[in-house]
Amino acid sequence: MDEGRRRGHAHAPMRTLRQLRRHVLPRTEVEGRTATALPGLWFARATSPVLAKRVEARMVTLAVILEGRKVVGFGDQELAYDPGQYLLITGERRYRATIEGASPDRPYYSLSLEFAPEQVAKALLALTDAGVRFDDNQADSPAVTARLDAPVLDALVRLVECLDDPVALKVLAPATEQELLIHLLRSPSGATLRQAAAADDGRILRARVFLQNQVGTRVSVDDVARHVAMSPSHFAHRFREVVRMSPMQYLKHCLLYTSPSPRDRQKS
């Protein structure tokens, strides 16, 4: 590759970051968090510093700063990140968040995207079924920061663009979210997420996917335990230990997550 092509390749991710800013900033005109038409996708704006605010991540969360700088703390672990980096939180976590240097003239802007447990399970199983093998032996960590790369940025831009097209929002956005997870799981920083997912035990991952596919049908704990070759009592105990809810509560969670919005129900 010649020098000119190397320079172009090196700057391509930043061009994509500028595209992402152009899509997000006009949608983020109010202070604080802004919900979007895509469940789990949020934009945020701050015009003054925020000191050690307590925050709770509900599930695996990807956070990207578009303008400004943020420091997050998970117990003794402290991570700082700014534009060109992302924060990946590996599951349900409580942490401290500090926004530095924001002002009315130079607001802080960010986006965050939540991934439901069944999405992570599906992505990991898809990689496993495709023959991908990982050799992860690092310690479990609640979160990691990493440099944004072109595949992740490109997928994020396409995901935000779906907000302008109701058809794309229904048809393309779910596939793009899955693509994002695949990129994250395969990245060097993805070892942290893979480690957290692997801690579930492969059988619990398969039970999650099985339950998701049973939404709207009658299924019992015995049915799921049989599907993953575990005794019902051990399965129920292990599932609650890993997922922090019973199998039947998880099935209800899947139903709520996949149910159409009130607006969609009115249209149908």
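**The helices, a loop and a sheet**

Mentor: Helix α2 covers residues 117–129, and its 13 residues should span 18 Å at 1.5 Å a residue, which agrees with the 18 Å between its end C-alpha atoms. The expected span is 1.5 Å times one less than the number of residues. Helices (H or I, at least four residues) and strands (E, at least two) are DSSP runs, numbered from the N terminus.

The model is predicted, so local features need pLDDT of at least 70 and side-chain atom pairs count only at pLDDT 80 or more, while totals for chains, interfaces and linings use all residues. Residues are numbered from 1 along each chain as its sequence is written, and side-chain values use heavy atoms, leaving out hydrogens and water.

Several residues of α2 are buried, among them Val-120, Leu-124 and Leu-127. Buried means under 20% relative accessible area, exposed over 50%, and partly exposed in between, with a 1.4 Å probe and protein chains only. Just after α2, Gly-131 has a positive phi of about 90 degrees.

Next comes α4, whose 21 residues reach 30 Å from first C-alpha to last, close to the 30 Å expected at 1.5 Å a residue. The buried residues of α4 include Ala-173, Glu-177 and Leu-184.

Between α4 (166–186) and α5 (190–198) lies a loop that holds Ser-187. Ser-187 is buried, because its relative accessible area is 9%. Its side chain reaches the backbone oxygen of Leu-184 at 2.8 Å. Leaving aside residues up to four places away in sequence, Ser-187 touches Tyr-86 and Arg-194, where contact means heavy atoms within 4.5 Å.

Elsewhere, four strands form an open sheet in the order β3-β8-β5-β6, with antiparallel pairing. Its edge strands, β3 (50–57) and β6 (77–81), each pair on one side only. Two strands pair if DSSP finds at least two bridges between them. β3 pairs with β8 (residues 93–100) in the antiparallel sense over six bridges, and Glu-56 stands opposite Arg-94 in β8.

Key:
A polar contact is a pair of N or O atoms within 3.5 Å; within protein, one must be able to donate a hydrogen and the other to accept it, and residues adjacent in sequence count only if both atoms are side-chain atoms.
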